[in-house]
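Student: I have a model on my screen and I want to learn how to read it. Can we go through its features one at a time?

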Amino acid sequence: MSDYAEFINKIKTKTGIDLSLYKEAQMKRRLTSLYEKRGYRNFTEYYQAIHTSKELLDEFLDRMTINVSEFYRNGQRWDVLDKKIFPMLLSKNKRLKIWSAACSTGEEPYSLAMVLSSHIPVRDISILATDLDAGVLERAKVGLYADRSLKEVPKPVLSRYFVNEGHHYQVTDEIKRTVEFKQHNLLNDPYGSGFDLIVCRNVMIYFTEEAKDQIYMNFSKALKPGGILFVGSTEQIFNPSKYGFESEETFFYKKI
């Protein structure tokens with residue numbers, strides 16, 4: 001057994017995270033650069049260090065999750081959400097159940113709340129936001145962002161829902177109250193049910209085909225009939241009917 005295969009087994013036992021469901025070449029490259037930076041020679045040495053150091057374990061978890069996000073990422077998709085998807089969902093139900101999965105540092109669920117606020121009162125918005133990495137969730141709860149992550153935010157939204165603090169912007173408490181952050185592993189933990197909208201963008205590209213199948217099936221079960229799955233711009237589902245979906249718009253899939 002290679003030292004990486006052994007590392008996968010030990011990490012699964014220790015954390016419940018199954019690295020074999022992530023694309024091996026990408027994950028191996030990312031973790032090799034991390035342990036070399038820390039002065040370890042192989043995965044065996046690296047695991048021994050992780051096993052005894054919470055700091056190294058947290059760093060490992062942070063590195064294996066991909067925390068790249070920004071507000072209103074791929075702006076055209078948010079226009080579709082605003083002008084078509086939200087009105088369609090709200091025509092059936094004025095209180096939407098929304099899940100932002102693999103939410104990273106919070107830009108996505110906060111963006112959802114801001115877009116939805118033009119349709120219903122902010123006090124009626126409730127969004128569940130989850131991620132595997134507890135560290136990024138803590139940063140998301142703070143809601144403080146560098147100005148570079150806000151370049152797509154419309155100016156009226158920027159002035160209404162952010163407070164400028166030098167080179168950073170603070171999300172207002174009004175918007176922060178709309179989002180509940182929780183730790184969740186898409187590959188292991190149970191999913192909720194009855195969602196009107198699930199947003200999971202720019203994370204599926206890191207999983208194997210087997211893992212993607214499992215996650216899409218679980219998303220389909222978690223959505224109510226007519227509910228929408230919103231995926232990333234490199235994650236088009238080419239056989240949506242396999243999961244009980246039909247294409248509503250590019251990157252938006254409706255549960256049949």
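Student: Where is Thr 172 found?

Tutor: Helices and strands are DSSP runs numbered from the N terminus, with at least four residues (H or I) for a helix and at least two (E) for a strand. Thr 172 is in the loop between strand S5 (168-171) and helix H9 (173-176). A word on the source: this is a predicted model, where local features need pLDDT of at least 70, side-chain atom pairs count only at pLDDT 80 or more, and totals for chains, interfaces and linings use all residues. Residues are numbered from 1 along each chain as its sequence is written, and side-chain values use heavy atoms, with hydrogens and water left out.

Student: Is Thr 172 buried or exposed?

Tutor: Look at relative accessible area: under 20% is buried, over 50% is exposed, and in between is partly exposed (1.4 Å probe, protein chains only). Thr 172 has 16% relative accessibility, so it counts as buried.

Student: Which residues is Thr 172 in contact with, leaving aside neighbours within four places in sequence?

Tutor: Contact means heavy atoms within 4.5 Å. For Thr 172 the list is Arg 160, Tyr 161, Phe 162 and Val 163.

Student: Which class does Gly 166 fall into?

Tutor: Gly 166 is exposed, because its relative accessible area is 55%. Gly 166 is in the loop between strand S4 (162-165) and S5. In sequence, Gly 166 and Asp 147 are 19 residues apart; C-alpha to C-alpha, they are 8.8 Å apart in space.

Student: How many helices and strands does the protein have?

Tutor: There are ten helices and ten strands. Now take the radius of gyration, computed over C-alpha atoms, and the globule rule, which is 2.2 Å times the number of residues to the power 0.38. The protein's radius of gyration is 19 Å, close to the 18 Å given by the rule for 256 residues, so it is as compact as a globular protein of that length. Along the principal axes, the C-alpha trace spans about 55 × 50 × 25 Å.

Student: What share of the residues is buried?

Tutor: Of the 256 residues, 53% count as buried. Helix H6 (residues 107-116) is mostly covered, with ten of its ten residues buried. Among them are Tyr 110, Leu 112, Met 114 and Leu 116.

Student: What share of the contacts joins residues 24 or more positions apart?

Tutor: Such pairs account for 72% of the contacts with a separation of 6 or more. Gly 227 gives a case to look at. Gly 227 sits in strand S8 (residues 223-231). Not counting residues up to four places away in sequence, Gly 227 touches Phe 195, Asp 196, Tyr 253, Lys 254 and Lys 255. Gly 227 counts as buried because its relative accessibility is 0%.

Student: How is a pair of aromatic rings described?

Tutor: By the distance of the centres and the angle of the planes. Rings of Phe, Tyr and Trp (its six-membered ring) pair if their centres lie within 6.5 Å; planes under 30 degrees apart count as stacked, over 60 as edge-to-face and the rest as tilted. A search of the whole structure finds 23 aromatic pairs. In one of them, Phe 7 and Tyr 47 are edge-to-face, with 6.3 Å centre to centre and 85° between the planes. This pair links distant parts of the chain: Phe 7 is in helix H1 (residues 3-15) and Tyr 47 is in helix H3 (residues 43-52), 40 residues apart. Both Phe 7 and Tyr 47 are buried.

Student: Why is the pair of Tyr 35 and Phe 43 edge-to-face?

Tutor: The ring centres of Tyr 35 and Phe 43 are 5.0 Å apart and their planes are at 80°, so the pair is edge-to-face. Tyr 35 and Phe 43 are both buried. One aromatic cluster includes Tyr 35, Phe 43, Phe 7 and Tyr 47.
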